[in-house]
Amino acid sequence: MKTSRSKRFMCMVMTCVMMFYTGSSSVMAGNLEILKNAGQTENARLSEKMVVLEESARGILAAVEKMQQKMQEKKAAEEAARKAEEARAQEAQRAIQENPQAVTASTSDMNLLAALIYCEAVGEPYEGQVAVGAVVMNRVKSSSFPNSIREVIYQSGQFGPAITGKLDRVLASGKMTDSCYQAAQEALAGVSPVGGALYFGDGRNFGQLIGGHWFHS
């Protein structure tokens, strides 16, 4: 009798143990599934962040490349401007050496003369541009005016652009046209389509008319 009861008790214990372990396994399996899902979600988030970072990196790289390209273009433009300036100076010196009537001038004086020609005659025929430069050079050679290009151009009350400050602004910008530089070179070389004229303007109807300017002594 006691043996039967003991057997029944042991069966109940084993049943409880099995139920306990079975329940624990289910819980553990559930926890493992939760962890697996959480890991997949975190991986997905990390993948999204990586995509965003890659796109940002590409954007930064493109911006850097664009900046480098602009810097290279600016450097190339500055180099081209420098070479053009050197070529103009060399041409002016060559013309001066070949013409006994030429006047030696520095690069700064040539630029100043080109700037004045731009201010006074940029819309005039090329001959008129040379004529404006020739007036300046005639004054340099005359005993009635200062004996340097700068002093002639900035002499008080003579040239309107020098008085108003327009000349300095144009000179600083460096935007004088090629024709103005060429006209300055010819004037420095002694070319004068107006002879020994010392004055020009649009309010006097005598002398030699070129474009909109009358040139006279």
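Predicted model: local features only at pLDDT ≥ 70, side-chain atom pairs only at ≥ 80, totals over all residues.
Which residues does V122 touch, not counting residues up to four places away in sequence? V122 touches I117, Q129 and T177, where contact means heavy atoms within 4.5 Å.

Residues are numbered from 1 along each chain as its sequence is written, and side-chain values use heavy atoms, with hydrogens and water left out.

Let me stay with V122 for a moment. Its place is in the loop between α2 and α3. V122 is partly exposed, with a relative accessible area of 40%; the scale is buried under 20% relative accessible area, exposed over 50%, and partly exposed in between, with a 1.4 Å probe and protein chains only. V122 and M176 are 54 residues apart in sequence, yet 8.7 Å apart in space, C-alpha to C-alpha. S108 and L171 are 63 residues apart in sequence and 9.7 Å apart in space, C-alpha to C-alpha. S108 is partly exposed as well, with a relative accessible area of 41%.

I turn to the chain as a whole. There are seven helices and three strands, taken as DSSP runs numbered from the N terminus, with helices being H or I of at least four residues and strands E of at least two. From the N terminus on, the order is α-α-α-α-α-α-α-β-β-β. Of the 217 residues, 29% are buried. Among contacts with a separation of 6 or more, 59% are accounted for by residues 24 or more positions apart. The accessible surface comes to about 14200 Å², of which 58% belongs to carbon and sulfur atoms; these areas come from the Shrake-Rupley method with a 1.4 Å probe, and for residues only the protein chains shown count as cover.

As a general remark, nonpolar side chains tend to be buried together in soluble globular proteins. Leaving out residues up to four places away in sequence, I153 touches L112, L113, L116, V136, F159, A162 and L167. In α7, the buried residues are C180, Y181, A183, A184, Q185, A187 and L188. Just after α7, G190 takes a positive phi of about 100°.

Finally, the largest pocket. Its lining consists of E120, R139, Q158, F159, Y199, F200, G201, D202, R204, H213 and H216. The largest share, three residues, comes from β1. Where is H213 found? H213 lies in strand β3, residues 213-216. H213 is buried, with a relative accessible area of 10%. Apart from neighbours within four places in sequence, H213 is in contact with E120, E124, V132, F200, G201, D202 and Q208.

For the pocket term itself: on a 1 Å grid over the protein atoms alone, a pocket is an open set of points where a 1.4 Å probe fits, with protein on both sides within 12 Å along at least five of seven lines, and lining residues have an atom within 4 Å of a point.
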